[in-house]
Amino acid sequence: MRDEKKFPKVSAIVLCIICVSCFCSEWIMNHDPLYLNLEHIGEAPSREFFFGTDTMGRDVFSMIWYGGRVSLLIGFLSALFSFVIAILYGGISGFSSKWLEHFLMKVLDLVLSIPSILLVLFLQAVMRNHSILSITITIGLTSWFPMAKMIRTDVRQLRKENYVLIAKQTGASFFYLLRVHFLPNVLPSILFMIITNIGSAIASEATLSFLGIGLPIEQVSWGTMLSRGDQALLANEWWLIVIPGFFLIVVILCITAIGNYFREETITKCSNLSYQHKRKIRKTF
C-alpha cells in the first residue's frame, strides 16, 4: 500500500498569505506603485523604500503586492478558462461516437506534439492588444490539452454507469449529464492539473513579459518587473531581479507542492479502487 502523503500546510499557508496580501495591497503599500519618483531612481532597499526603487523611481515593495495581484489574477483566470475548454472538449469526445472521438483525439495529439511555449508565443504575437485579458486567453487556450485527454477517459468510463444510462433514456441533454453526472465525478481526478495550471500560467506570463511580448511595461506585474532584468544587471541593481524572482518562485513552488499532493491522492484512490476490484473478482471465483 502507498504511504499517505501529508497535506503541505506550510505551502498552503504561505500561498494564502501572499494571495491575501496581493489582493489587499491597498492596506500594505506605503507608496503609489505607479508614481515615477525621479528623485529616487535605482535606490537600494532602505527604511523609506523597503525593497528599493526601480529604474523609473517606483517603489518595489508596493509594486510587488500590486503587481502580484495581476500575476495571480492571470494565473487563476487562465486555469479556469482552460478547465472550461477541457471539460467541453473532453466531455464531447468521451460521449461521442468512435469515429468522432478518434478524430478529436488525433487533433489533440497533433496539437500536443507542438511545444506549448511556441503556441503561446504565436498566439500572443498574433494578438495586437497585449492586455491582461489577451494574455489570459492566450495562456488558457494553450494549457487545456492534457486535461481534456484525462476528462475524455473518465467520461467514457462514466457513460456506461446505470445512472447515466437512465438519465439518457429519460431525455437528459448532454449539458445536463455533463453538469450533474460527469463534472462532480471528473473534478476530483483533475484537480491537481487545475492547480498546476495556475502556477504554469503565472510562469508563462512572466516569460512573455521577459521576452517583450507580454504586458506593457507600464502595467505592473511580476513578469514586467523581471523584464528589465538586463538593465538591472548592468546597473548592479540586484533587488530588481532577486525580490520579484523570489516571490514568483515561492508562489510556483507552493502551488506545485499542493498540486503534487492532490496528484498523489488521485493515484492512491485509483490504486485502492483497483485493489478492491481485484478482491471482488477473487471472491467471485
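Start by selecting W239: this tryptophan is buried, with a relative accessible area of 5%. Keep in mind throughout that you're looking at a predicted model.

**Stop 1: the tryptophan neighbours**

W238 is partly exposed, at 47% relative accessible area, whereas W239 is buried. Show both rings and check the angle: W238 and W239 make an edge-to-face aromatic pair, with 5.7 Å from centre to centre and 85 degrees between the planes.

**Stop 2**

How many aromatic pairs does the structure hold? The count is 16. To look at another one, select F51 and F61. Their rings are also set edge-to-face, this time with 5.1 Å between centres and a 70 degree angle between planes. F51 sits in the loop between α1 (9-23) and α2, while F61 belongs to helix α2, so this pair ties together parts that lie 10 residues apart in sequence. Colour F61 by accessibility and you'll find a buried residue, with a relative accessible area of 11%.

**Stop 3: the greasy side of α2**

Switch to a surface view and select F23, L73, F76, L77, L80, V84, L88, I92 and F175. Together they form a nonpolar surface patch with about 760 Å² of accessible area. Which element gives the most to the patch? That's helix α2 (residues 60-95), which supplies seven residues. One to click on is L80, found in helix α2. L80 has a relative accessible area of 51% and counts as exposed, because the exposed class takes anything over 50%.

**Stop 4: cysteines without a bridge**

Last stop: go to the cysteines. A disulfide is a covalent bond between the sulfur atoms of two cysteines. With a cut-off of 2.5 Å between the sulfur atoms, the count here comes to zero disulfides. C22 is buried, at 0% relative accessibility.

Then pick C24, which is in no disulfide either; its nearest cysteine sulfur belongs to C22, 9.6 Å away. Buried or partly exposed, then, for C24? At 30% relative accessibility, C24 counts as partly exposed.

Methods: Residues numbered from 1 in each chain as written. Predicted model: local features only at pLDDT ≥ 70, side-chain atom pairs only at ≥ 80, totals over all residues. Heavy atoms only, no water. Patch = residues over 30% accessible without salt bridge, like charges linked within 9 Å, V, L, I, M, F, W, Y side chains within 5 Å. Areas by Shrake-Rupley, 256 points an atom, 1.4 Å probe, with all protein chains shown as cover. Salt bridge = Lys/Arg side-chain N within 4 Å of Asp/Glu carboxyl O. Helix = DSSP H or I, 4+ residues; strand = E, 2+ residues; numbered from the N terminus. Buried < 20%, exposed > 50% of the residue type's maximum accessible area, 1.4 Å probe, protein only. Phe/Tyr/Trp six-rings, centres within 6.5 Å; stacked < 30°, edge-to-face > 60°.
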